[in-house]
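Here is a short briefing on one protein chain. Please keep the sequence and the structure in view while reading.

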Amino acid sequence: MGKRTAADFERELAMLAQVRHRLRGSEGEDFRIPTTTVDEVLDELNSAERSPWDPT
């Protein structure tokens with residue numbers, strides 16, 4: 001798999017938001033969805049956007 005861009009991660013987050021919206025629509029507003037996947041995508045997005053000169 002090639003290097004992913006910030007736009008790729010934004011599309012993934014938008015897709016996850018749509019899935020959450022549909023699940024809550026069918027299961028009810030109190031339905032809780034684990035955030036592990038969202039956390040992983042955000043972590044990857046942050047590391048992809050980090051400057052090569054950023055020491056962290």
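Helices (H or I, at least four residues) and strands (E, at least two) are DSSP runs, numbered from the N terminus. The expected span of a helix is 1.5 Å times one less than its number of residues. This is a predicted model, in which local features need pLDDT of at least 70, side-chain atom pairs count only at pLDDT 80 or more, and totals for chains, interfaces and linings use all residues. Residues are numbered from 1 along each chain as its sequence is written, and side-chain values use heavy atoms, with hydrogens and water left out.

**Overall make-up**

- The protein chain has two helices and zero strands.
- Of the 56 residues in the protein chain, 9% are buried. Buried means under 20% relative accessible area, exposed means over 50%, and partly exposed lies in between (1.4 Å probe, protein chains only).
- Accessible areas come from the Shrake-Rupley method with a 1.4 Å probe; for residues, only the protein chains shown count as cover.

**Helix α1**

- Helix α1 covers residues 6-27. Its 22 residues should span 32 Å at 1.5 Å a residue, and the end C-alpha atoms are 31 Å apart, so the two values agree.
- G28 follows α1 and has a positive phi, near 110 degrees.

**The salt bridge**

- How many salt bridges does a search of the whole structure find? It finds one. A salt bridge is a side-chain nitrogen of Lys or Arg within 4 Å of a carboxyl oxygen of Asp or Glu.
- R11 and D8 form a salt bridge through their side chains, at 2.2 Å from N to O.
- R11 is exposed, because its relative accessible area is 53%.

**Nonpolar surface patch**

- M15, V19 and L23 make a nonpolar surface patch of about 230 Å². Patches are made of residues with over 30% relative accessible area and no salt bridge; like charges are joined within 9 Å, and nonpolar side chains (Val, Leu, Ile, Met, Phe, Trp, Tyr) within 5 Å.
- M15 belongs to helix α1. With 46% relative accessibility, M15 is partly exposed.

- L13 sits in helix α1. It is partly exposed, at 22% relative accessible area.
- L13 and V41 are 28 residues apart in sequence, yet their C-alpha atoms are 7.3 Å apart.
- D39 lies in helix α2 (residues 36-49). A relative accessible area of 38% makes D39 partly exposed.
- From D39 to L13 is 26 residues in sequence and 9.9 Å in space, C-alpha to C-alpha.
- D43 is also placed in helix α2. D43 counts as exposed, with 53% relative accessibility.
- D43 and F9 are 34 residues apart in sequence and 9.9 Å apart, C-alpha to C-alpha.

**Largest pocket**

- The largest pocket has a volume of about 230 Å³. On a 1 Å grid over the protein atoms alone, a pocket is an open set of points where a 1.4 Å probe fits, with protein on both sides within 12 Å along at least five of seven lines. A volume is the space filled by probe spheres set on the points, which are joined across faces, edges and corners.
- Lining residues have an atom within 4 Å of a point. Among them are L13, V19, R24, I33, P34 and V38.
- Both α1 and α2 give two or more residues to this lining.
- The largest share, six residues, comes from α1.
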